[in-house]
Amino acid sequence: MHAAMLVDALKRMLRGRGITYATLARSLELSEASVKRMFSRRDFTLQRLEEICQSAGIDFAELVREATCEQAGMTHLSVEQEEEIVSDPRLMLIALCAVGNWTFDDIVHTYDIPPAEVVRYLARLDRRRIIELMPGNRIRPLISRTFSWLPDGPIQRYFRERVEHEYLGSKFDRPGELFLFVSGMLSRASTAELTARMRKLAGDFAELHTGDRSLPLGDRHGTSLLLAIRPWEPRAFRTLRKEGREPVPAGRLLEPLLPAAGGAVPSQNRSRAKRRAAGE
């Protein structure tokens with residue numbers, strides 16, 4: 001195991017416990033800048049690592065298990081595993097809770113499912129090597145930090161069928177909610193760059209989720225992030241397009257002043273742009 005993996009695991013565990021660099025610096029009698037530098041460079045002696053664990057109340061063996069779990073965990077389930085989960089609503093609920101780092105008590109206190117039945121479902125997930133059911137009904141997910149459901153797999157299809165009416169049915173006007181829909185004209189290079197940024201955001205989401213999983217359930221709430229990007233022409237517009245004509249992306253209609261790919265702005269639009277710039 002690389003030392004960097006231990007440091008990354010330590011950062012997640014500190015974040016989950018709400019321990020800041022400033023707090024750690026005071027405990028270690030160091031400057032906050034020195035602590036930040038240690039973590040950014042991953043420059044730790046074994047003694048310093050043990051001091052930080054002791055200061056934060058983290059058992060060193062627990063740190064090693066955290067790092068090992070991240071290293072060895074699976075990144076995807078098989079199609080068969082996802083199909084089995086989707087086939088039983090209770091199994092799917094408990095599977096999502098289990099890989100989301102809920103405890104056994106969290107599940108039985110939140111849902112009206114008898115404890116013995118929860119144990120049976122957890123044992124089923126254990127047999128499929130999705131989790132490890134440990135003594136005392138402790139749950140250890142066997143997935144990596146980069147875990148994701150199969151693209152267009154059974155789980156994604158299940159939720160996609162419910163996105164339009166259930167997920168997007170919100171007004172997105174409450175705290176913690178945000179809905180953005182933007183459209184425009186992008187080159188292939190810009191689309192590739194934006195896609196890379198979206199993947200980075202998804203990675204940030206996964207890191208925050210991992211860092212928060214040691215917090216009590218009452219301090220966490222189920223949160224979903226929907227990211228999507230693709231060339232798109234609304235169906236209503238597509239039915240009006242002449243046969244043989246190329247699709248017109250929504251961005252071209254919403255931003256008519258943008259040039260067509262490889263072409264100049266039409267003269268009529270250039271005149272309109274000049275008038276707008278002049279404040280007419």
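**Helices H7 and H9**

At what angle do the axes of helix H7 and helix H9 cross? In this predicted model, the axes of H7 (residues 89–99) and H9 (residues 115–127) cross at roughly 70° and come within 10 Å. Axes are lines fitted to C-alpha atoms, for helices over the stretch in contact, with angles from 0 to 180 degrees between N-to-C directions. H7 and H9 are therefore roughly perpendicular to each other (65 to 115 degrees; under 35 counts as roughly parallel, over 145 as roughly antiparallel and the rest as oblique). Helices are DSSP runs (H or I, at least four residues), numbered from the N terminus.

Contact (heavy atoms within 4.5 Å) joins Arg90, Leu91, Ile94, Ala95 and Ala98 of H7 to Glu117, Val118, Tyr121, Leu122, Arg124 and Leu125 of H9. By class, the contact of H7 with H9 comprises eight nonpolar, three charged and no polar residues. Here Ala, Val, Leu, Ile, Met, Phe, Trp, Tyr, Cys and Pro count as nonpolar, Asp, Glu, Lys and Arg as charged, and the others, Gly among them, as polar.

**Nonpolar cores**

The largest nonpolar core has 25 residues, of which Ile94, Val118, Leu122 and Leu125 touch the most other members. Such a core is a set of buried Ala, Val, Leu, Ile, Met, Phe, Trp, Tyr and Cys residues joined through side-chain atoms within 4.5 Å. H7, helix H8 (104–110) and H9 each supply at least two residues of this core, and its largest share, seven residues, comes from H7.

Leaving aside residues up to four places away in sequence, isoleucine 94 touches Ile107, Ile113, Val118, Tyr121, Leu122 and Leu125. A second, separate core of 19 residues includes Ala9, Leu10, Phe44 and Leu63.

In H4 (residues 46–56), Leu49, Ile52, Cys53 and Ala56 are buried (under 20% relative accessible area; exposed is over 50%, partly exposed in between, with a 1.4 Å probe and protein chains only). Seen down the axis of H4, these buried residues fall within an arc of 100°, so they line one face of the helix. Gln47 and Gln54 are exposed on the other side of H4. Just after H4, glycine 57 takes a positive phi of about 70°.

The axes of helix H2 (residues 21–28) and H4 come within 10 Å and cross at roughly 110°. Leu24, Ser27 and Leu28 in H2 meet Arg48, Glu51, Ile52 and Ser55 in H4. This contact has three nonpolar, two polar and two charged residues.

**Basis of the values**

Residues are numbered from 1 along each chain as its sequence is written, and side-chain values use heavy atoms, without hydrogens and water. Local features need pLDDT of at least 70 and side-chain atom pairs count only at pLDDT 80 or more, whereas totals for chains, interfaces and linings use all residues.

Technical notes:
The arc is that of the directions from the helix axis to the C-beta atoms.
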